[in-house]
Amino acid sequence: MAIMITDECINCGACEPECPNTAIYEGGVEWTWSGGTELTEVDFGDGTVVDGKSPQAPVSDEFYYIVADKCTECMGFHEEPQCAAVCPVDCCVPDPEHEEDEDTLLAKKAWLHAEA
């Protein structure tokens, strides 16, 4: 399952530099698929293709947020999600709306970083 940041977030920013996929952004900041990844474009399989550098709408305007489709819970990088490890208020928690098993998370990591 992906990690999410709750509204308990104090906007300290400790989590952002820890993410190996650059899936964490400050509230109100647009994000991109290519940021921190090897993606140049994203094909959603339904005919929709998005340029990797195309700005995407912020998930939250108030708090730091995690883009669930870029979150791999640090699988393949670390033994635990680094955002949760450094969060001083424990607001980086599993996202029940984005449950994924280890194989799925590792496949997402390989896709994000263009691994064979």
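Is glutamate 115 buried, partly exposed or exposed, and at what relative accessibility? In this predicted model, glutamate 115 counts as partly exposed, because its relative accessibility is 38%. Its side chain meets that of lysine 109 in a salt bridge, with 2.6 Å from N to O. Lysine 109 counts as buried, because its relative accessibility is 10%.

The structure holds two salt bridges. Another pairing joins lysine 108 to glutamate 100. Here the closest N and O atoms are 3.1 Å apart. Lysine 108 has a relative accessible area of 10%, so this residue is buried. Glutamate 100 counts as partly exposed, because its relative accessibility is 24%.

The cysteines were examined next. A disulfide requires two cysteine sulfur atoms within 2.5 Å. By this rule, the count is zero. Cysteine 9 is in no disulfide. The nearest cysteine sulfur belongs to cysteine 91 and lies 4.5 Å away. Cysteine 91 is also in no disulfide. For cysteine 91, the nearest cysteine sulfur is that of cysteine 87, 3.5 Å away. Cysteine 9 has a relative accessible area of 11%, so this residue is buried. Cysteine 91 counts as buried too, because its relative accessibility is 2%.

Negative charge gathers in a patch on the surface. The patch consists of Asp7, Glu8, Asp61 and Glu62. Glutamate 8 sits in the loop between strand S1 (3–5) and strand S2 (24–25). With 54% relative accessibility, glutamate 8 counts as exposed, because the cut-off for exposed is over 50%.

Technical notes. Residues are numbered from 1 along each chain as its sequence is written. This is a predicted model: local features need pLDDT of at least 70, side-chain atom pairs count only at pLDDT 80 or more; totals for chains, interfaces and linings use all residues. Side-chain values use heavy atoms; hydrogens and water are left out. Patches are made of residues with over 30% relative accessible area and no salt bridge: like charges are joined within 9 Å, nonpolar side chains (Val, Leu, Ile, Met, Phe, Trp, Tyr) within 5 Å. Accessible areas come from the Shrake-Rupley method with a 1.4 Å probe; for residues, only the protein chains shown count as cover. A salt bridge is a side-chain nitrogen of Lys or Arg within 4 Å of a carboxyl oxygen of Asp or Glu. Lys and Arg count as positive and Asp and Glu as negative; His and the chain ends are not counted. The place of a charge is taken as NZ of Lys, CZ of Arg, CG of Asp or CD of Glu. Helices (H or I, at least four residues) and strands (E, at least two) are DSSP runs, numbered from the N terminus. Buried means under 20% relative accessible area, exposed over 50%, partly exposed in between (1.4 Å probe, protein chains only).
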